[in-house]
Amino acid sequence: MVNLGFGENVKLRSYKIVLIPFFALIVLIILFIYAATTGYGKLRSQKQIIDELERDDTTLEAKINNLKNLEAQTYPDSTEMLIRFPNDNPSLWMLGQLIRKGEESAVTLFEQTLLFDEASLENITVSTINFQVTGNKEKIFDYLLSIDNISPISTFDSVDFSESETAQQGALVSLKVYFSPLPEVLTNLNEVVNELTPLEVTTLNKLSEMELPEFSTLMPSANYELKDPFNSFQ
Amino acid sequence: MARNINLLPLEFVPNKKLVRMGAALKKLAIISYIFFFLAAGSIAYALYRYDKHIKELRNNRNTLEAELDNLKKTETKIVYLKDRADKAQKVIDANTTRSSIVTFSEFDNHIPPGILISDMAFRGSRATFKVAAENSGSLSQMVQYVIGTTVFKAIILGDIKLGENGKYTTTITVEI
């Protein structure tokens, strides 16, 4: 090895010419790998967020347009629908409806019983009203058929006419009344609200034809003077 | 013409091969660094643009959500109506007894003379009733009327009894 006198040997200097750019390249490769993995990962996640946001925005815009269209359409009053298909047990006021309709149809109702058995049918709760009805056979038929047109929604479980050879007949009726809680959650933010199907519209129209009960509101009585029971001269 | 004159002793001159290799590596490193910085800059720019776009999209989403909040009442109404309609349809579909009563009521309006119908019982799509006939002729007419009508899917004729009063009685079960 030849010494130049400056503490540096020629061979090492020759290698330095190669080693410095070589190490620079190694450093670059490491930097490149780091930047590529980090940068690509970050770009990918950002792209994913953008795609999701764009998709959500498109869905939201569609939902808003859809709701604006629905808002412009005329649908039956949802509050009235809640009387026709209530969310609370309507047995008691249905009984009132049955008696009122009975008076209109010239039949007599007696021995009404309510069974709050509340058997559930696909999230619909059922309560049963049993009653006896007497009257002319045709009138009973008319009465039974008219029940279908009164609120709340009901169906016959069974109807048993008692043995009678006279014009006056009696029938034991078991009527089911239905109620169901309202949905507690609305559709997801990114879910489009579907329009009412023709069948749903037909069903709602059918429900709309059902007679609503006459709920009477009790008004407070006017002020009056209370007599003092201990003052006989008053 | 200028000439390059190297006065260094030959043993001090670095290996030509290594010098060439070093120069090549140096050139490669410089090009690579330029390329790296360009690529890194592009990635940084793309990230900046993406970030800006995300912010825009989030702002747009907030506006849309606010707009949707204003339409919540309509949405609630539609959801309620849909719920009621679907459930009511299930109830209407299950209302077979009423259909039986309607059909039987129409059937009852056209029964032949000399026939008395009593003890009707309705359960779902099935109706059972007792028939009292004045004589065999009336009973025969009644049976023909029941069979002839197209509203019943199935007819079950019960035992025919002849009473002391000369009247015939039977029970008929029909599937409507």
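Guide: Helices (H or I, at least four residues) and strands (E, at least two) are DSSP runs, numbered from the N terminus. In residues 17-37 of chain A, the span is 100% helix and 0% strand, with its end C-alpha atoms 31 Å apart. UniProt, in an unreviewed entry, places a "transmembrane region" at residues 17-37 of chain A; such annotations may be inferred rather than shown by experiment.

Visitor: What are the ground rules here?

Guide: This is a predicted model: local features need pLDDT of at least 70, side-chain atom pairs need 80 or more, and totals for chains, interfaces and linings use all residues. Residues count from 1 along each chain, chains are lettered from A, and side-chain values use heavy atoms, without hydrogens or water.

Visitor: How many residues of chain A are in contact with chain B?

Guide: Contact means heavy atoms within 4.5 Å. By that rule, 85 residues of chain A touch 70 residues of chain B.

Visitor: How is interface size expressed?

Guide: Often as the accessible area lost when the parts come together. Here that loss (1.4 Å probe, summed over both parts) is about 7,400 Å², and carbon and sulfur atoms give 72%.

Visitor: How many salt bridges cross the interface of chain A and chain B?

Guide: The rule wants a side-chain nitrogen of Lys or Arg within 4 Å of a carboxyl oxygen of Asp or Glu. It finds seven between chain A and chain B. A:Lys63 pairs with B:Glu75 in a salt bridge at 3.2 Å, N to O.

Visitor: Which element gives the largest share of chain A's side?

Guide: Helix 1 of chain A, with 33 residues that touch chain B.

Methods: Buried area is the accessible area (1.4 Å probe) that two parts lose on being put together, summed over both.
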